[in-house]
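Student: I'd like a close look at one part of this protein, the open space and what surrounds it. Could you walk me through it?

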Amino acid sequence: MPFEFEKLKLDGLVLVKPRIFTDDRGFFIESYKKREFALAGIPEDFVQDNHSKSSKGVLRGLHYQRGVAAQGKLVRCISGAMLDVGVDIRRNSPTFGRWAAVELTAENANMLYLSPGFAHGFLALSGTAEILYKCTAEYSSKDEGGIRWNDPCIGIEWGIEEPLLSARDAGLPLLKDSGV
């Protein structure tokens, strides 16, 4: 199998570890294989790919899509290092409002799968960090939402006091005021 799948402490978050083939020329990995993912309980069809580049200390999120536009995401760091975070925003979930984080790097080639119903955010840990992520639904501006990165009721341990934020992300509501 080219992948190892590790379920994290929140149902709906899966750390995906690809097998890395290296030699004196470089490396090769399979970053996605529908059949393998389906066998591991991730049967989704991905319909949109996104690419983001951030400087060290940039924090993006916490973002989500509502309703039929809710997105599952498969996130991979292709340059540098980042802390990737998922927050359970499924109202009927026993882990509603809880979070989990993993460090994704270009070197470890690990990926994080977040099922629909999770808010997503990430912090660039290296000089620059680039991520690619696949989504199970197309972006819909009318269905987008967000939660403040430092919501005390969630208590994410980002490891930074003053990240670089967009004006939009700095003004996001707390979870209790987000309408989730």
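Where does the largest share of the lining of the largest pocket come from, and how many residues is that?

Tutor: Happy to. This is a predicted model, in which local features need pLDDT of at least 70 and side-chain atom pairs count only at pLDDT 80 or more, while totals for chains, interfaces and linings use all residues. Residues are numbered from 1 along each chain as its sequence is written, and side-chain values use heavy atoms, without hydrogens and water.

The largest share comes from strand 6, with 5 residues. Strands (E, at least two residues) and helices (H or I, at least four) are DSSP runs numbered from the N terminus. A pocket is an open set of points on a 1 Å grid over the protein atoms alone, with protein on both sides within 12 Å along at least five of seven lines, whereas a cavity is a set of points where a 1.4 Å probe fits but cannot get out; lining residues have an atom within 4 Å of a point. Grid points are joined across faces, edges and corners, and a volume is the space filled by probe spheres set on them.

The largest pocket holds about 340 Å³ of space. Its lining has 23 residues, of which H63, K73, Y133, Y139 and R168 are the closest to the centre. At least two lining residues each come from strand 5 (48-55), strand 6, strand 11 (118-124), strand 12 (128-135) and helix 2 (167-170). By class, the lining has 9 nonpolar, 9 polar and 5 charged residues; Ala, Val, Leu, Ile, Met, Phe, Trp, Tyr, Cys and Pro count as nonpolar, Asp, Glu, Lys and Arg as charged, and the others, Gly among them, as polar.

Strand 6 also gives the most to the lining of the largest cavity, with 3 residues. That cavity holds about 60 Å³, and the count is 1 cavity of 30 Å³ or more. H63 and K73 turn up here again, among lining residues that also include Y64, Q65 and F118.

An open sheet of 5 strands runs in the order 9-8-11-6-13, with antiparallel pairing. Strand 9 (99-105) and strand 13 (144-146) are at its edges with a single partner strand each, so one side of each lacks a neighbour in the sheet. Two strands pair if DSSP finds at least two bridges between them; strand 6 (residues 59-65) and strand 13 pair in the antiparallel sense over 3 bridges. Within this pair, Q65 stands opposite E144 of strand 13.
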